[in-house]
Amino acid sequence: MTAPQETRFCTNCATSLERISIDEDGGPKERLRCPACGWTHWNNPTPVLAAVIENDQGQVLLARNALWVEGMFGLITGFMEAGESPEEGICREVFEETGLRAMALRPMGAWEFLRMNQVLIAYHVRADGEVTLSPELVEYRWQSPAEVKCWPAGTGYALAQWVLEKGHQPRFDAFRPGQSPEPDPGKWPPRPWQADARFFDAPEL
Ligand SMILES: [Zn+2]
């Protein structure tokens, strides 16, 4: 995935956008808006679906994108398409990227990915079949919960949650060289009161 590109023109009338402040529900807000027709560039995050794919041996599938350096492995991810539900989208992505058929799935959570202006929606997917990678992916491996190294970013927290649910203590490492290996204390570990792991602290607004 490449970085999001800057929007400069009105998609409605092609006038150059300007930073214009308008009163919204939360008060005055400056956004890129069209001075001619009033169109607003909301810049909402793009939904990206991610899968913690588990096989019958209790291992998780990690894959390396063709654009990533050697040794960098991540979850299967893809953009949600217009006209599909998140559940349909993740099953489609799993099949397109790996050739595996999703048999059952459950939502794990949603995480922000601010640098890319994306929101990650992660699913735990039980899948069947033989792995056939799409050209986008060059390498894959199945790892047990004890072997897995998580990383301190959206998809890494979903993976850490899976490891924890499997009864292991997640270990974190940097995703890229030079990146901090430490998880964000606001996101990991889960709070002690979370005996029910589906609940978490409400964020401060
Ligand atoms: Zn316009």
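Colleague: Where does Ala14 lie?

Modeller: This is a predicted model, in which local features need pLDDT of at least 70, side-chain atom pairs count only at pLDDT 80 or more, and totals for chains, interfaces and linings use all residues. Residues are numbered from 1 along each chain as its sequence is written. Ala14 lies in the segment before β1 (18-24). Helices (H or I, at least four residues) and strands (E, at least two) are DSSP runs, numbered from the N terminus.

Colleague: What is the phi of Ala14?

Modeller: Most residues other than glycine have a negative phi. Ala14, although not a glycine, has a positive phi of about 70°.

Colleague: Is Ala14 buried or exposed?

Modeller: A residue is buried if 20 or more other C-beta atoms, placed from the backbone, lie within 10 Å of its own, exposed if 12 or fewer, and partly exposed in between. Ala14 has 10 such atoms within 10 Å, so it is exposed.

Colleague: Where is Asn117, and what is its phi?

Modeller: Asn117 is found in the loop between β7 and β8. Its phi is positive, about 50°, although Asn117 is not a glycine. Asn117 counts as partly exposed because it has 13 C-beta neighbours inside 10 Å.

Colleague: Which residues of α1 are buried?

Modeller: Helix α1 covers residues 86-98. Its buried residues are Gly89, Ile90, Cys91, Glu93, Val94, Glu97 and Thr98.

Colleague: What follows α1?

Modeller: Gly99 follows α1, and the phi of Gly99 is positive, near 80°.

Conventions:
The expected span of a helix is 1.5 Å times one less than its number of residues.
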